[in-house]
Amino acid sequence: MPSLTERGLLRLATCDVRWSMLLIKVFKQIPFMVVCGHRNEEKQNEAFKDGHTQVQWPNSKHNQEPSLAIDLCPLPVNWQNTRHFFELAAYVWAESLKKDVPVIWGGSFSFGDYGHFELI
Ligand SMILES: [Zn+2]
C-alpha cells in the first residue's frame with residue numbers, strides 16, 4: 001500500500017484539517033501526490049508569474065492559513081493525462097459528499113485547473 005511522502009504530509013499539514021480528513025480516505029482508493037498547500041506571498045507571485053495561477057496574492061485560497069486550497073496530482077505523475085485528474089476529482093467528490101464537506105474542483109474553472117481543489 002503506497003503512502004503519502006513526508007513532503008506530501010508536510011504540505012497537507014499547511015491545509016485546513018478537513019483536507020486531511022477527506023484525503024487520507026481518497027488516497028487509499030487512488031494514490032496522488034500533494035503538489036501544493038499553503039502559498040506565501042513569494043510563492044504566489046512566482047506561481048502567478050509562471051502562469052500556474054490566475055490570481056495574485058492574497059486572493060488565492062492557497063494564501064489563507066491554513067490553506068483552503070490544495071493541488072494534487074494522481075500517481076504516476078502525468079500532467080497530460082486529464083482523464084486521470086477527472087478520476088481523482090470523482091473520488092474527492094464522493095468523499096466530500098460522504099463527509100458533508102463541500103469542495104470546488106479547479107477542473108470546473110474556465111481555465112481548467114485540474115489538480116486544484118478548494119473548500120467552500
Ligand atoms: Zn491550486
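Helices here are DSSP runs of H or I with at least four residues, strands are DSSP runs of E with at least two, and both are numbered from the N terminus. D100 sits in the loop between α4 and β3, and its positive phi belongs to a residue other than glycine. For background, most residues other than glycine have a negative phi, and most peptide bonds are trans. Is D100 buried or exposed? D100 is exposed, because 6 other C-beta atoms lie within 10 Å. The cut-offs are these: buried takes 20 or more other C-beta atoms within 10 Å of a residue's own, exposed takes 12 or fewer, partly exposed is in between, and C-beta atoms are placed from the backbone.

A word on what we are looking at. This is a predicted model, in which local features need pLDDT of at least 70 and side-chain atom pairs count only at pLDDT 80 or more, while totals for chains, interfaces and linings use all residues. Residues are numbered from 1 along each chain as its sequence is written.

Now the overall picture. The protein chain has four helices and four strands, and from the N terminus on they run α-α-β-α-β-α-β-β. The radius of gyration, taken over C-alpha atoms, can be set against a globule rule of 2.2 Å times the number of residues to the power 0.38. With 120 residues, a compact globule would come out near 14 Å, and the protein chain has 13 Å, which agrees. Its C-alpha trace spans about 35 × 30 × 25 Å along the principal axes. Of the 120 residues, 35% are buried. We call two residues in contact if their C-beta atoms, placed from the backbone, lie within 7 Å. Among contacts between residues at least 6 apart in sequence, 57% join residues at least 24 apart.

Next, the sheet. Two strands pair here if DSSP finds at least two bridges between them. What is the order of the four strands? This open sheet reads β1-β2-β4-β3, with antiparallel pairing. β1 and β3 are the edge strands, each pairing on one side only. On average, neighbouring strands are turned by 30° against each other, direction ignored. For angles, axes are lines fitted to C-alpha atoms, for helices over the stretch in contact, and values run from 0 to 180 degrees between N-to-C directions.

Walking across it, β1 and β2 run antiparallel and are joined by four bridges, with C36 opposite D71 in β2. β2 and β4 are antiparallel too, over three bridges, and A69 has E118 in β4 as its bridge partner. Three bridges also hold the antiparallel pair of β3 and β4, where V103 partners L119 in β4. In a regular strand the side chains alternate between the two faces of the sheet. You can see that in β4: H116 and E118 point one way, F117 and L119 the other, and all are buried.

Back to helix α4, residues 82-98. Which residues of α4 are buried? They are F85, L88, A89, V92 and S96. Seen down the axis of α4, they fall within an arc of 105°, taken from the directions from the helix axis to the C-beta atoms, so they line one face of the helix. On the other side, R83, L97 and K98 are exposed. The cover over the buried residues of α4 includes α2 (17-29), β1 (32-36), β2 (69-74), β3 (103-105) and β4 (116-119). α4 packs on the sheet, touching β1, β2, β3 and β4, and its direction makes about 130° with that of β2.

Two prolines are worth a look before I stop. The peptide bond from W57 to P58 is cis, with omega near 0°, and P58 lies in the loop between α3 (41-49) and β2. L75 and P76 are also joined by a cis peptide bond, with omega about -5°, and P76 is in the loop between β2 and α4.

Thanks, happy to take questions!
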